Amino acid sequence: MSNILLIETDKLLAQNIQQILEAQGHSVDWQVEPQEAITRADTTKPDLVILDLILAERSGIEFLYEFRSYPDWQALPAIIFTNIPAEELQACAEGFSQLNVVEVLYKPTTSLKKLANTVDQALKTALV
């Protein structure tokens, strides 16, 4: 069982993501506020982070830069699950690899099943 830190402002979507990932045997800690997510990470020790780029207090990129400033969280894989189209994110692509973003998924065209499969693949790759 893997611990997943989910940072998502949409309550219904977060509940659906949590439900599908828990059905696959993962533990999911859902947070809305990025700062609370950083605090909770010290307690829950996540194996992977899923986050949107549009968050309540700051952007997902700002969160990742701060999160990666802590030695314990530098290598933790992250999946971005966002409403921002890929073509708008092209300028960030190099920065994503430096932040250990393993996948960027566009919410409108990504099923929760695909998200769950991406999570499983990222966790397998991280364990190798």
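Keep in mind that the model is predicted. The largest nonpolar core has 20 residues, and a second, separate core has 17.

**Cores**
- In the 20-residue core, the residues touching the most other members are Ile 7, Val 49, Leu 51, Phe 63, Leu 64 and Phe 67.
- Five elements each put at least two residues into this core: strands E1 (3-7), E3 (48-51) and E4 (78-82), plus helices H2 (34-44) and H3 (60-68).
- The separate core of 17 residues counts Leu 6, Ala 14, Ile 17 and Ile 50 among its members.
- Phe 63 is worth a click: beyond its neighbours within four places in sequence, Phe 63 contacts Ile 7, Pro 34, Ala 37, Ile 38, Val 49, Leu 51, Leu 55 and Arg 58.
- As background, nonpolar side chains in soluble globular proteins tend to be buried together.

- E1 and strand E2 (residues 27-31) run parallel and are joined by five bridges.
- Across that pairing, Asn 3 sits opposite Ser 27 in E2.
- To get from E1 to E2, the chain passes through helix H1 (residues 11-23), making a right-handed β-α-β crossover.

**Positive phi**
- Most residues other than glycine have a negative phi.
- Lys 45, in the loop between H2 and E3, goes positive, with phi near 50°.
- Lys 45 counts as partly exposed because its relative accessibility is 45%, which falls between the 20% and 50% cut-offs.
- Asn 100 also has a positive phi, about 60°, and lies in the loop between helix H5 (93-98) and strand E5 (101-106).
- With a relative accessible area of 24%, Asn 100 is partly exposed.

Technical notes. Residues numbered from 1 in each chain as written. Predicted model: local features only at pLDDT ≥ 70, side-chain atom pairs only at ≥ 80, totals over all residues. Heavy atoms only, no water. Core = buried A, V, L, I, M, F, W, Y, C linked by side-chain atoms within 4.5 Å. Buried < 20%, exposed > 50% of the residue type's maximum accessible area, 1.4 Å probe, protein only. Helix = DSSP H or I, 4+ residues; strand = E, 2+ residues; numbered from the N terminus. Contact = heavy atoms within 4.5 Å. Pairing = 2+ DSSP bridges. Right-handed = clockwise from strand over helix to strand, strands pointing away.
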